[in-house]
Amino acid sequence: MIDRVVRRLGAALLVLVLGACAAPPPAPPVEIRSGVIEQILPAQISSNQHQGVGAVIGGLAGVGIGSLIGAGTGRDVAMVAGALGGALIGNEVQKKNEQPVEAQQIVVRTGSGVLVVVTQPLGAPLFVGQKVFIQGSGEGARVTPQ
């Protein structure tokens, strides 16, 4: 009986190990198009790179301060209140200190005549009439010089 259970557990473990060794599916190919820049306009991109960090840090600070207050159930209540208050205050402080990122909105006419508009952070100097590549699609699209 125990022998049978050990064999089944061993078989299940073998299946898990072999499944973990399987190769992940191939990544979708990155689409690269080319064209000529028709227009470049200044723009700004809102910074949401570290969204929520202020709330987390504020919440942790609130828990730390709340743990110094009272004893027993009172301490637990103070820690919960400190966590909630700290998270709210930390989130508001982060919102006030976020600065938008300078960017550029680039209008590119592709070889097929289609206009593509890409907004990206400032990077390599680009100019109207320059031949460029458009790499990727959606929010991940980037314009790079040829």
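**Talking through the model**

Modeller: One spot to begin with is leucine 68, which sits in the loop between helix H2 (53-66) and helix H3 (73-97). Please keep in mind throughout that this is a predicted model.

Colleague: Is leucine 68 buried or exposed there?

Modeller: Leucine 68 counts as exposed, because its relative accessibility is 71% and the cut-off for exposed is over 50%.

Colleague: Which residues make up the nonpolar patch on the surface with it?

Modeller: The patch is formed by Ile65, Leu68 and Ile69, and together these residues have about 340 Å² of accessible area.

Colleague: OK, stepping back, how many helices and strands does the protein have?

Modeller: There are three helices and five strands, and read from the N terminus the order of the elements is α-β-α-α-β-β-β-β. Of the protein's 146 residues, 20% count as buried, while the accessible surface comes to about 10,500 Å², with 66% of that belonging to carbon and sulfur atoms.

Colleague: And what makes up the largest nonpolar core?

Modeller: That core has ten residues, namely Ile37, Ile106, Val108, Val116, Val118, Leu126, Val132, Ile134, Ala141 and Val143. The elements that supply two or more residues to it are strand E2 (101-110), strand E3 (115-121) and strand E4 (131-135).

Colleague: What is isoleucine 37 in contact with, leaving aside its neighbours within four places in sequence?

Modeller: With those neighbours set aside, the contacts of isoleucine 37 include Ile106, Val108, Leu126 and Val132, which are also listed in the core. Among its other contacts are Phe127, Gly129 and Gln130.

Colleague: Changing topic, where does glutamine 120 lie, and is it buried or exposed?

Modeller: Glutamine 120 lies in strand E3, and it counts as buried because its relative accessible area is 6%, where buried means under 20%.

Colleague: What does its side chain reach?

Modeller: The side chain of glutamine 120 reaches the backbone nitrogen of valine 143 at 2.7 Å.

Colleague: Last one, where is glycine 138?

Modeller: Glycine 138 is in the loop between E4 and strand E5 (142-145), and at 67% relative accessibility it counts as exposed. Its C-alpha is 8.6 Å from that of valine 118, although the two residues are 20 apart in sequence.

Key: Residues numbered from 1 in each chain as written. Predicted model: local features only at pLDDT ≥ 70, side-chain atom pairs only at ≥ 80, totals over all residues. Heavy atoms only, no water. Core = buried A, V, L, I, M, F, W, Y, C linked by side-chain atoms within 4.5 Å. Buried < 20%, exposed > 50% of the residue type's maximum accessible area, 1.4 Å probe, protein only. Helix = DSSP H or I, 4+ residues; strand = E, 2+ residues; numbered from the N terminus. Contact = heavy atoms within 4.5 Å. Polar contact = N/O pair within 3.5 Å; in protein donor to acceptor, adjacent residues only side chain to side chain. Patch = residues over 30% accessible without salt bridge, like charges linked within 9 Å, V, L, I, M, F, W, Y side chains within 5 Å. Areas by Shrake-Rupley, 256 points an atom, 1.4 Å probe, with all protein chains shown as cover. Salt bridge = Lys/Arg side-chain N within 4 Å of Asp/Glu carboxyl O.
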